[in-house]
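Please read them alongside the coordinates.

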Amino acid sequence: MQDAIERTEEYVKQNMKEYKDATHDWFHIERVWKTAKKIAQEEGADMFIVEMAALLHDIDDFKFNENGTTLKSKSWLESLGLDSDTIDKIVHIVENISFKGSAEENKIQTLEGKVVQDADRLDAIGAFGVACAFTYAGYKNIPIFNPAVEIRNNMSFDEYKKNEGSAINHFHEKLLLLKDRMNTKAGKFLAEDRHNFMETYLKQFFKEANGES
Ligand code: NI
């Protein structure tokens, strides 16, 4: 089992080099992996499934992989010779982990999936969340802030994918919603601090935007 984890770590490290987005680099995976282990311990989840899914969770991301297949993660798991039940459990997580817009239903059903999803969401909020929101906007050539763009709160997956807006819109359309969408008790607890930090950040941001600071 340990061998499978180590080999997967190496495989993912190599794979993430292809992504030209600093918000989805190996270090994001490493942070999610660490946080997922911590939550899994507190929640009593299956550690092997959690670690493998955390390592592979962005390999087939819909934002980078338009046809939405999970072939990469699945064929990797098959090459490790894992049993099909274990493979299915891991692939279920990889397939369903992404936030696909605030109006879309969450398809994650297993405790292990909930743990990894929480860990991934935690990395999207807090200080890293702020950094990633602007980095992603830069990558997509989206403005930092555009007062003329209205904030939408109930987006379908299609609207969410096509959404341009601004980095600040992204806080309202995704990041500030994540605290209440944590699946586990441990995840909710960790989200509090990070959420409060973003609120403080935005308060200051709008003070400056309005010439009040
Ligand atoms: Ni991720």
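1. Helix 10 covers residues 185–209, 25 residues in total, and reaches 36 Å from its first C-alpha to its last. This span is close to the 36 Å expected at 1.5 Å a residue. The model is a predicted one, and the remarks below should be read accordingly.

2. Just after the helix, Gly211 adopts a positive phi of about 70°.

3. Which residues of helix 10 are buried? They are Ala186, Gly187, Ala191, His195, Met198, Leu202 and Phe205. The buried residues of this helix pack against helix 2, helix 6 (111–124), helix 7 and helix 9 (167–173).

4. Helix 2, one of these packing partners, spans residues 26–43 and includes Ala36. Ala36 counts as buried because its relative accessibility is 0%, under the 20% cut-off. Leaving aside residues up to four places away in sequence, Ala36 touches Val50, Ala54, Val115 and Ala119. The C-alpha atoms of Ala36 and Glu51 lie 7.3 Å apart in space, while the two residues are 15 apart in sequence.

5. Asn141 has a positive phi of about 60°, although it is not a glycine. Most residues other than glycine have a negative phi. With a relative accessible area of 71%, Asn141 is exposed, since the cut-off for that class is over 50%.

Notes. Residues are numbered from 1 along each chain as its sequence is written. This is a predicted model: local features need pLDDT of at least 70, side-chain atom pairs count only at pLDDT 80 or more; totals for chains, interfaces and linings use all residues. Side-chain values use heavy atoms; hydrogens and water are left out. Helices (H or I, at least four residues) and strands (E, at least two) are DSSP runs, numbered from the N terminus. Buried means under 20% relative accessible area, exposed over 50%, partly exposed in between (1.4 Å probe, protein chains only). Contact means heavy atoms within 4.5 Å. The expected span of a helix is 1.5 Å times one less than its number of residues.
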